[in-house]
Amino acid sequence: MNERITLKIGIISTQSAQILPYLVNIRKAVAAAKLYFGIMKSVTMCFLRLYLSFTLLLAAAGASAQQLTTAGQAAQLTIRSAGAHSIRVTLKPLSYKGDFPYTPALVRQPASSPVISLRTLTGTVKKQVGSLLVTVEPSPLTIKVTDLQGRPVQELVFREDGNVSFKLDDHPVLGMGEGGPKPAKGVNWRQLPVEFDRRGRMHQMQPRWQGDAYGSRNPVPLLAGTGGWGLFVASPWVLVDLQHTDHGVFIPWQTTGQQGDIQTQRNQHLNQGKGLPPAGSAIPGLFDCFVFDAHDPAWLMQSIANIGGHAAMPPKWALGYMQSHRTLEDEKQMIGIIDTFRAKQLPLDAVIYLGTGFAPRGWNTEQPSFTFNPEVFKRSPDAVIADMHARHTKVVVHIVPWDRDRLPGLHGNIPAAPGETADAGQISQYWQQHLGLMRAGIDAFWPDEGDWFDLFERIKRHQLYYQGPLSTRPNVRPWSLHRNGFLGIAQWGGWVWSGDTEASWKTLETQIAVGINYSLSLSPYWGSDIGGFYPNEELTGELYARWFQFGAFCASFRSHGKTWWTRLPWGWGLPEMGPLEAKNNPLPAELNNPAIEPVVKQYDELRYELLPYNYTLAWEARNTGMPLMRAMWLHYPNDTAAGRIGDQYLWGRDLLIAPVYTPHATTRQVYLPQGDWYDWWTNTKETGSRMVTRAVDLSIMPIYVRAGAIIPLDAVRQYTAQALPTPTTIRIYRGANGAYTLYEDDGISQDYLQGKAAFTQFNWNDQTKQLTVTAKGVNTNRSFNVVLLPEGATKTIKYAGQPLHISF
C-alpha cells in the first residue's frame, strides 16, 4: 500500500516537474486576464461616468436655455450683413412670418441670409457678420458689436419694459433729421443755445410745423455717433431718450389716437399720427434696426445710401438761383422781374410762384387748384411760360394737396403696379390732375402743406413728383421742393426746405446746425428761406445779405418770404417794400440801401462760378452718400474740436464755410482743422488745428480752401445752361498732394443712369510740382486753364484722349 502511494507521488512529482512551466504560464495568463478585465471595468466605468455627466450637462443645459421673447411672445433674433460696414438686427415675434415690416424708407432689395438666427439662447454666441464681430448674450438679451480690430461700435440691450438701450460716449451725437426742440411757452427762443449735438434731452420725435429759429421738424431715428457708430431704427417709430451721459434709450411710440383715426387738413392741429408710420404698420414687439460702423464716417454715409436709396441726380438748373414770388400783379410784372435779373446781370435759373389763398393773388385760383388764375394770366398761360423759357428761366409752381375728401391717401407707383387699387389716392391717378400744367410748360413743383400726411404718404409724395414728371417727359429729370421728408426720399429727388422760419440773426445761426444734421440723416439736398419767412423789424438788408451768403452754399438756393420785395436782390435799394404781408415788417428806414445788391450779386456770381464743383458734389452724393453740406466730423473724425462745432461746415471735401450770423460783425472766429488752409479771398495761408480770427466786412463771408485741393471754376454764367467761350479753370492749392475727379453730363436727361458722362481725373504731386490729367467717358476732349496757387502760375492745357503730365 505504501509502495503504491509512493509510486503515485513519484509519478505525480515527475509529471508536475514536466508541466510546471505550463502552470506558471497559466498563472501569468490568469493574472493578465484579471488585469485586462480590471482595466476594462475601469474604462467602462469611466465611460459610463462621462456618459452620465454629459447627459446631466445636456439636461442642465436644456433646463437653462433662454427662450427669446418680445412683447410677451416667443421671438426670433436675426442678425445679417447690411453692407460692408453695417448689420441689420431684427427681433420679431414668431407669429410674424415676414422678414421685416414694410417701409418705403428703405429700398426694396433681396435681404442677405442671417448669419445669426436664434430662438433660444443658452450662453454667449459670437460670430463675424460682414466686417463686424457680433456677440449675443442672454439675461437681458444684449448685442455687442465691434470691428475686427476689437474697437467697440455699439451695444444694444433689449429691456424687459420693451425699450432698447444703447451706448453713449463723450462724443456728440448728430443727425436725427431736420429741425430742433420746440421752445417752451413764454421762453425767448432768441436767447436759447443752438442744438447741434443731440445729447442731453428727451426727443419726442414728433413731426411738426414750426416757426422760430428751427423751422419744420422732420425727425429721423438715425443717429450719427461721432465716436464711431451709427444707428437707424426702421421699426417701430421710437422716441429717443438722450438724457443720460452713458446710454440712450429707444422707446416705442404709443399711438394717442383711436384706431382708425386719420389726420386731415382740418384737424392737423392734433397729433394723431401725422408724419408717423400708419398705425397698422407697427408689429407689436418687432424691433428692426441697423448698426453702422462709423470709425470712418464715409462708411456711414455709404451705408445710409445703400439702405435708403442712392440720390437721384438733379437737373443742373436746380443748382442755380431761384427767385420766389408771393402776391402777383400780372404777367407783365412776372416777366418784368426776369428781365430785371437779366438787365442787372444777376444770374437766375428759376422763378417760383405761390398759389392763391397763401397770398391774395397767386398763379392759380384758390388753392388747392390746378387752374391758372385769369386775373394774372391775360394771355394763354402756355404763351406766358414760353416767354419765360425764351429768357432761359424755368417755372416752378406752388402746389398743396386736396383734403381727405378728394385725396384719401397716397399710395402705389407710377405707372401702377399689378394689383394696386386704382382709387383717388393712387399716385398715378392723382398725377393725372397735373397733366394740364405740364402741357402748359411748367418745369417743376413746390409741394407745400400736406403736414397731415402720415410718414408713408410723405415719402410717396416725393415719389409722386419724381415718377409723375418722368411718366410725362420720359427723359427729363424732375425736380420738386418739399416741406416734409424722411430717409428714403433721396432716390426720388429728395429736396426739402426748412419751412416758415422767423427773420432773425438767431435763426440764421440755427439754420447752419439744422442743415448739417439734416444732411447727415435725411438726404443730401436742403436749404432755407433766404432772409427768413416771417418778416419783422429785425429783418434788414444786412441780415438778408448775410443769409444770401449762407444760401449760396446750400443745395437749395432760393429767396422766399412775406413782404416779398425785400427778398429780391435789389429790394433793399427800393424806396418801398411792396405788399405788406405780415403784422410786423422791416423798418422803412432800412430801405434805399445801395450797399446790399452788390454783395448779393457777388455771391450769386460765385455760386455760378462754382457750378462745375457743385455739380460734381451732386454726383458724389449719388455715388458715395456724402452730402453737399458736410459736418466737419465727416472728414476729420479724430479732431474732437471739429466734431463739436455746428456753426461752420465743409462744402464738399475742400471748402470750409463760416457764415456770419451776428449784426455789424467786424470779425469771425473760424476753426481750421489739421493741415494748411488758404483764405479764399486773399490766398493767405493759415496753419490748421487752431482757431483763427478773420476780419470781415459786409462783403466777406469767411471761406477757406484745404491745401491739396483742386477746385474747378467757370466764368460767370447768367443761367446754368449758358455756353461759355472760355475753358474751365482748375485751381491747385499748394501744400499737399491732391486728387480730384471732375464729373460732367448733359445736366438734363436720365442718360447718366447708363453711365453717359465724362470723368476727368486730376492728380497733383506737390513735391515734384506735377499735374497728371486722365479722362474717360463721353466727350472728354477738353481744354483747361490750370492755375497754381498761391504763386499764380498759369498754363492752358488740352486733353485729347492721352494722359497729360504738366510740370510747373
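Modeller: UniProt, in an unreviewed entry, puts "domain: DUF5110" at residues 728-788; its positions are in the numbering used here, feature names are shortened, and annotations may be inferred rather than shown by experiment. It's a predicted model, where local features need pLDDT of at least 70 and side-chain atom pairs pLDDT 80 or more, while totals for chains, interfaces and linings use all residues. Residues are numbered from 1 along each chain as its sequence is written, and side-chain values use heavy atoms, leaving out hydrogens and water.

Colleague: How much helix and strand is in 728-788?

Modeller: That span is 0% helix and 59% strand, with its end C-alpha atoms 14 Å apart. Helices (H or I, at least four residues) and strands (E, at least two) are DSSP runs, numbered from the N terminus.

Colleague: Okay, where does asparagine 475 lie?

Modeller: In the loop between helix 7 (455-472) and strand 23 (481-482).

Colleague: And which residues is asparagine 475 in contact with, beyond its neighbours within four places in sequence?

Modeller: Ile748, Ser749, Gln750 and Asp751, where contact means heavy atoms within 4.5 Å. A polar atom of the asparagine 475 side chain lies 3.0 Å from the backbone nitrogen of glutamine 750.

Colleague: New topic: how many disulfides?

Modeller: The count is 0, taking a disulfide as a pair of cysteine sulfur atoms within 2.5 Å.

Colleague: Is cysteine 289 buried or exposed?

Modeller: Cysteine 289 counts as buried because its relative accessibility is 1%. Buried means under 20% relative accessible area, exposed over 50%, partly exposed in between (1.4 Å probe, protein chains only). Cysteine 554 is buried too, at 1%.

Technical notes:
A polar contact is a pair of N or O atoms within 3.5 Å; within protein, one must be able to donate a hydrogen and the other to accept it, and residues adjacent in sequence count only if both atoms are side-chain atoms.
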